[in-house]
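Trainee: I would like a close look at one part of this model. Please keep the explanation plain.

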Amino acid sequence: KQWYQRRVRGRTAGWDPTNKKRKDFSSSDREFAHNIGLTFHTPEAFFLGQPECTQWSWKSFNVSSYIADKLPLVQDDKQLTISHQEMIVMVGYPGSGKSSFCRSHLPSYVRVNLDELKNYNKCVSLLESSFLEGKSVVIDNTCPDAANRKRYIELAEKHKVPVRCIVMNTTIEHAKHNNRFRRLAESGAQVPGIAFNTFKSRYKAPSVSEGFSDVLFVNFTVQFKEKRLEELYCMFQGG
């Protein structure tokens with residue numbers, strides 16, 4: 001029988017009845033045991049026969065728990081798609097699932113992505129040509145603050161195209177998890193940590209006062225083509 005015994009187990013404040021021992025700074029050893037499918041034991045329980053400590057928590061993002069919650073795609077039962085021409089401005093962390101959402105749920109929309117087009121002028125050109133052709137458009141950028149969103153809203157107003165905003169309701173911890181998974185599963189480039197902190201410091205919640213007809217909040221959803229990818233995604237990946 002295989003088991004894993006280590007000391008860093010995610011014990012929370014107050015776990016020790018005598019209050020002489022501090023909480024654990026991490027749950028990395030418990031996470032490692034979970035990832036490789038082994039039963040985790042503390043030294044006190046395994047060697048001294050003491051009861052296992054039940055006052056603990058995962059310190060890293062628990063993606064298995066998130067998936068098990070089965071959150072609805074759109075919060076507040078709002079309508080996702082509409083029949084007339086519009087522009088949607090996406091808002092969310094790098095790795096929050098914006099591009100995947102656009103491809104899966106807005107396939108008929110022209111996707112405008114600054115990283116892919118490389119400069120703002122090309123984004124404007126694609127936007128305006130799409131408006132003139134009567135097509136709906138989705139801005140697939142992080143768009144953290146009102147100033148960043150304003151330039152796209154003004155272009156839509158110029159062409160009398162209504163604008164909605166869709167916010168990816170993805171935490172920074174979840175976005176970082178997605179970023180690491182993408183590197184492991186697709187061998188792609190990893191977004192540097194500073195990009196997440198920059199978005200967090202600049203973020204201002206979007207409002208209809210900016211010119212949006214509505215603001216929707218969307219939860220991250222994921223589907224896997226292979227079982228091994230699902231297993232990899234559900235592993236703890238540390239900070």
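Trainee: How many aromatic pairs does the count come to, and what can be said about the pair of tyrosine 120 and tyrosine 152?

Mentor: The model is a predicted one, and its count comes to six aromatic pairs. In the pair you ask about, the ring centres of tyrosine 120 and tyrosine 152 are 5.8 Å apart. Their planes stand at 70 degrees, and over 60 counts as edge-to-face, so this pair is edge-to-face. Distant parts of the chain are linked here: tyrosine 120 belongs to helix 6 (residues 120-132) and tyrosine 152 to helix 7 (residues 146-158), with the two tyrosines 32 residues apart.

Tyrosine 120 has a relative accessible area of 26% and is partly exposed. For tyrosine 152 the value is 0%, and this residue is buried. Tyrosine 120 has a further neighbour: arginine 151 lies over the face of its ring, at 4.4 Å from the ring centre. Elsewhere, ring pairs join Tyr93, Phe199 and Tyr203 into a cluster.

Helix 7, where tyrosine 152 sits, also supplies at least two residues to the lining of the largest pocket. That pocket holds about 1400 Å³ of space. It is lined by 44 residues, and the closest to its centre are Gly97, Ser99, Ser100, Arg103 and Arg182. Helix 4 (98-105) gives the largest share of the lining, seven residues. By type, the lining residues divide into 19 nonpolar, 15 polar and ten charged.

Notes. Residues are numbered from 1 along each chain as its sequence is written. This is a predicted model: local features need pLDDT of at least 70, side-chain atom pairs count only at pLDDT 80 or more; totals for chains, interfaces and linings use all residues. Side-chain values use heavy atoms; hydrogens and water are left out. Rings of Phe, Tyr and Trp (its six-membered ring) pair if their centres lie within 6.5 Å; planes under 30 degrees apart count as stacked, over 60 as edge-to-face and the rest as tilted. Helices (H or I, at least four residues) and strands (E, at least two) are DSSP runs, numbered from the N terminus. Buried means under 20% relative accessible area, exposed over 50%, partly exposed in between (1.4 Å probe, protein chains only). A charge sits over a ring if NZ of Lys or CZ of Arg is within 6 Å of the ring centre and within 35 degrees of the ring normal. On a 1 Å grid over the protein atoms alone, a cavity is a set of points where a 1.4 Å probe fits but cannot get out, and a pocket is an open set with protein on both sides within 12 Å along at least five of seven lines; lining residues have an atom within 4 Å of a point. Grid points are joined across faces, edges and corners, and a volume is the space filled by probe spheres set on the points. Ala, Val, Leu, Ile, Met, Phe, Trp, Tyr, Cys and Pro count as nonpolar, Asp, Glu, Lys and Arg as charged, and the others, Gly among them, as polar.
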